[in-house]
Amino acid sequence: MDPSAGPGHHEVALYQWVVRNERLDRDRAARELDLGRAEVDAALAALTERGLLKADVDDPARLRPVDPDLVAVVVTTSLETSIRAQQAALHRIRDQFASLRGHYLDSLRRGSVGLELIPGLEEVRAALNRASAECTEEILTSQPGGNRVPAALQEALARDTEMLSRGVRMRTLYHHTARFNGPSQAYVAMASGLGAEYRTAHELFGRLIVFDRKVAFIPEQGDGWGAVVIREPSVVHFLCELFEQYWTHAEPFSDAVTDGLEAVAKDIDRTIVRLLAAGMKDETIARRLGMSLRTARKHIADIMEQLGAESRFQAGVLAARQGLLDDGGKTSPAG
């Protein structure tokens, strides 16, 4: 038994019974409390060990209850001492690591590239939270993919609300597929009401977050959850210009919520046809459009059935004949 833990249900019941009866009759207590004799014995041992019950010196069969507040003071004093020691150790460790950060930043400033690799997901989150707290003017985000889990959106909304309340301008690019995701629609509606701006495009250049046009985060190469932090001014400027090009040609998210869903769906299908005609694989098409592989393959199957095509090459030829490869006058940001 952990003496620092609070009394259990059986112990509370037996303590109350002893307070009422002053003497302990184990068989009677077990009967009236609907407990087994072993349960009464275990509860009595626990109460005695904790010091909540003490036998009368003159009459050992008589038990005297002890004030629980006095027992709690004794039990928690050592616990509070341990907590204070752990807090002191925590502050000491943080101070030791903080003393190293200045040297680390000096090494980054001396470097010719201005790159920092953060390998772990938790470290990346910590770095993003710190950059968000230090951001004073603007944040640019490219967020590929159409589906975001509600828990992640809820966390993002709390962070974004705090930044918007400080007057930080927020602009975010999503894939068109985000317009069909309920949690994303709700998130954009709430954040837009606070001043954030959202647009979508059929294709994006990848994941990117830029704070105050001074520091940028891009994913680490591979399938890991790491990130590369870029502080070199010319590289950050280039990434901001790339974002601005896509932002200019993207469509406001609100259009899809009101009356643009059909147009967006046609835009997605037209893009799939164009990528099929270019000979891209299903996996590449899914990644470029921010949708799952299963969803992409369903779109591809539906399109080929509508065109009456038996192969991807034939689908491209038939789509070109029907003018489906025409982008409706829109120009690619890279074009």
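Let's start in a loop: Asp-34 sits between helix H2 (26-33) and helix H3. Keep in mind that this is a predicted model. The protein chain holds 12 helices and 10 strands, and buried residues make up 36% of its 335 residues. Of the contacts in the chain with a separation of 6 or more, 67% are between residues 24 or more positions apart.

- Asp-34 has a phi near 55°, which is a positive value in a residue other than glycine.
- Is Asp-34 buried or exposed? Its relative accessible area is 70%, and exposed means over 50%, so Asp-34 counts as exposed.
- Asp-212 also belongs to a loop, the one between strands S7 and S8.
- The phi of Asp-212 is near 55°, again positive without the residue being glycine.
- Asp-212 has 15% relative accessibility, and the cut-off for buried is under 20%, so Asp-212 counts as buried.

**Helix H1 against helix H3**

- Helix H1 (residues 9-21) packs on helix H3 (residues 37-50) at an angle of about 80°, and their axes are 9 Å apart.
- Angles from 65 to 115 degrees count as roughly perpendicular, so that is the label for H1 and H3.
- On the H1 side, the residues that meet H3 are His-10, Glu-11, Leu-14 and Tyr-15.
- On the H3 side you'll find Glu-39, Val-40, Ala-43, Leu-44, Ala-46, Leu-47 and Arg-50.
- Sorted by class, this contact has seven nonpolar, one polar and three charged residues.

**Helix H10 against helix H11**

- Helix H10 (residues 282-289) and helix H11 (residues 293-307) have axes that come within 9 Å and cross at roughly 105°.
- That angle makes H10 roughly perpendicular to H11.
- H10 brings Asp-282, Glu-283, Ile-285 and Ala-286 to the contact, while H11 brings Leu-293, Ala-296, Arg-297 and Ile-300.
- Which classes do these residues fall into? Five are nonpolar, none is polar and three are charged.

**The nonpolar cores**

- The largest nonpolar core has 28 residues.
- Inside that core, Tyr-187, Tyr-198, Phe-211 and Phe-217 have the most contacts.
- Helices H5 (121-134), H6 (150-165) and H7 (182-193) are among the elements that give two or more residues to this core.
- H6 gives the most, with five residues.
- Another core, of 18 residues, lies apart from this one; Ile-268, Val-273, Ile-285 and Ala-309 are among its members.

**A closer look at Ala-127**

- Ala-127 is part of helix H5.
- With 8% relative accessibility, Ala-127 counts as buried.
- Which residues does Ala-127 contact, leaving aside its neighbours within four places in sequence? They are Ile-118 and Phe-217.
- Ala-127 and Ala-227 are 100 residues apart along the chain, yet their C-alpha atoms are separated by 9.7 Å.

**Helix H8**

- Helix H8 (residues 233-249) has 17 residues, and at 1.5 Å a residue they should span 24 Å.
- The buried residues of H8 are Val-236, Leu-239, Cys-240, Phe-243, Glu-244, Tyr-246 and Trp-247.
- An α-helix has 3.6 residues a turn, so residues three or four places apart point the same way.
- What do the buried residues of H8 pack against? Their partners are strands S4 (138-143), S5, S6 (197-201), S7, S8 and S9.

Conventions: Residues numbered from 1 in each chain as written. Predicted model: local features only at pLDDT ≥ 70, side-chain atom pairs only at ≥ 80, totals over all residues. Heavy atoms only, no water. Axes fitted to C-alpha atoms, helices over the stretch in contact; angles between N-to-C directions. Helix = DSSP H or I, 4+ residues; strand = E, 2+ residues; numbered from the N terminus. Parallel < 35°, antiparallel > 145°, perpendicular 65-115°, else oblique. Contact = heavy atoms within 4.5 Å. Nonpolar A, V, L, I, M, F, W, Y, C, P; charged D, E, K, R; others polar. Core = buried A, V, L, I, M, F, W, Y, C linked by side-chain atoms within 4.5 Å. Buried < 20%, exposed > 50% of the residue type's maximum accessible area, 1.4 Å probe, protein only. Expected span 1.5 Å × (residues − 1).
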